[in-house]
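Thanks for coming, everyone. Please have the viewer open, and we will walk through this together.

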Amino acid sequence: MAYELPKVWKWEDENDKKGGNRPTAGARFEQKLPVGDAPFQLYSLGTPNGIKVTIMLEELKELGVEGAEYDLYKINIGEGDQFGSDFVEINPNSKIPALVDQSQNPRLNIFESGSILLYLAEKFSQLIPTDIHGRTETLNWLFWQIGSGPYVGGGFGHFFAYAPEPMKYPIDRFTMETKRQLDLLDKTLAERPYIAGDMYTIADIAIWSWYGRLALGELYEGSYEFLNMDEYTHLLEWARRINERPGVQKGLAADYQPLED
């Protein structure tokens, strides 16, 4: 039966599940998040957006930066941890990752993965060029990922891997856009070793966490063949090279502490 568009949309799947989707924002229950002694308190999960921050912090530690230590706590988004009152106080948008810099007085809440990467890069003067051309190119690509990523995750990934049944129109639409983005990255990396130029930056961290992992076949089962990833040779070389970095491997293997013992 064809879907008939209503004049006014109404939510028909109302439920009281703590983690269920709702058309409203805000805290759903009282929550007390654990707080450790490290300068940074990271509340997250090992999703593409989540690993950006663990990779960034581990890369900073690999560079010998002092003050980049962090405590890492698991926010189980399937169980609705992101809707607890303490988490919502850090990120009113109820999305991971969320970071607290408690070396600041008062403590500083940072949310949105791109904002966190930029904050850490500027705080420690690492992984972002200082010249205006290099800095601007890095930010160009950082914000490119933030704007383009939802077409891959919420678009292609959802309809390719998670939708109740395959649907040709959305799969065709989002596959075409995903392949256009992959082609853009491949052409860019044919001319330079890293996304923004000759230097490894937060743009590489942000883009690798989505597109590098996609290129390596780590995001959605069967997507490597479906997207014909072998044709993106420059992107694949970059993805494999970044994957070998010690900071990246440590960021991927980071140990998430539970919210409750």
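Start at S85: is it buried or exposed? S85 is buried, because its relative accessible area is 17%, and buried here means under 20%. One reminder before going on: this is a predicted model. S85 sits in helix α2, which covers residues 85-90. What does S85 touch, once its neighbours within four places in sequence are set aside? The contacts are A27, F29, E30 and Q31. Look at R28 as well. It is 57 residues from S85 along the chain, yet the two C-alpha atoms are separated by 7.1 Å.

Keep Q31 in view, and we reach a pocket. Q31 is among the residues nearest the centre of the second largest pocket, along with K18, D81, L259 and E260. In total, 13 residues line this pocket. The space in it is about 250 Å³. By class, its lining has six charged, five nonpolar and two polar residues.

Now the largest pocket. How much space lies in it? About 1,200 Å³. It is lined by 35 residues, and the closest to its centre are N49, I77, S94, K95 and I96. The class count for this lining is 17 polar, 13 nonpolar and five charged. Which element supplies the largest share of the lining? That is α4, with eight residues. Helix α1 also supplies at least two.

Stay with I96. The peptide bond between I96 and P97 is cis, with omega about 0 degrees. P97 belongs to the loop between α2 and β3. There is another cis bond to point out, joining N105 and P106, again with omega about 0 degrees. P106 is in the loop between β3 and β4. As background, most residues other than glycine have a negative phi, and most peptide bonds are trans.

S125 has a positive phi of about 55 degrees, although it is not a glycine. L127 also has a positive phi, of about 60 degrees, and is not a glycine either. S125 lies in the loop between α3 and α4, and L127 is placed in the loop between α3 and α4 too. Their surroundings differ. S125 is exposed, because its relative accessible area is 58% and the cut-off for exposed is over 50%. L127 is buried, since its value is 7%, under the 20% limit.

Next, the strands. β3 runs over residues 98-101 and β4 over residues 108-111. They pair in the antiparallel sense over four bridges. A hairpin of six residues joins them. Take the partners one by one. V100 is bridged to N109 in β4. L99 has I110 as its bridge partner in β4. β1 and β3 run antiparallel, joined by four bridges.

What about the faces of β3: which residues lie on each side? A98 and V100 are on one side, L99 and D101 on the other, and all of them are buried. Both faces are therefore covered, given that buried means under 20% relative accessible area. In a regular strand the side chains alternate between the two faces of the sheet.

Last topic, the cores. In soluble globular proteins, nonpolar side chains tend to be buried together. Here the largest nonpolar core has 59 residues. Which residues have the most contacts inside it? They are M56, L120, I202, L235 and W238. Elements giving two or more residues to this core include β1 (40-44), α1 (48-62), β2 (70-74), α3 (113-124) and α4 (132-162). Others are α5 (168-189), α6 (202-215) and α8 (233-243). The most comes from α6, with 10 residues.

Zoom in on M56. Leaving aside neighbours within four places in sequence, M56 is in contact with L117, L120, A121, Q126, L127, I202 and I205. So we meet L127 again: buried at 7%, and in contact with M56.

Finally, there is a second, separate core of 10 residues, and it includes L33, L45, F87 and V100.

Key: Residues are numbered from 1 along each chain as its sequence is written. This is a predicted model: local features need pLDDT of at least 70, side-chain atom pairs count only at pLDDT 80 or more; totals for chains, interfaces and linings use all residues. Side-chain values use heavy atoms; hydrogens and water are left out. Two strands pair if DSSP finds at least two bridges between them. A nonpolar core is a set of buried Ala, Val, Leu, Ile, Met, Phe, Trp, Tyr and Cys residues joined through side-chain atoms within 4.5 Å. Buried means under 20% relative accessible area, exposed over 50%, partly exposed in between (1.4 Å probe, protein chains only). Contact means heavy atoms within 4.5 Å. On a 1 Å grid over the protein atoms alone, a cavity is a set of points where a 1.4 Å probe fits but cannot get out, and a pocket is an open set with protein on both sides within 12 Å along at least five of seven lines; lining residues have an atom within 4 Å of a point. Grid points are joined across faces, edges and corners, and a volume is the space filled by probe spheres set on the points. Ala, Val, Leu, Ile, Met, Phe, Trp, Tyr, Cys and Pro count as nonpolar, Asp, Glu, Lys and Arg as charged, and the others, Gly among them, as polar.
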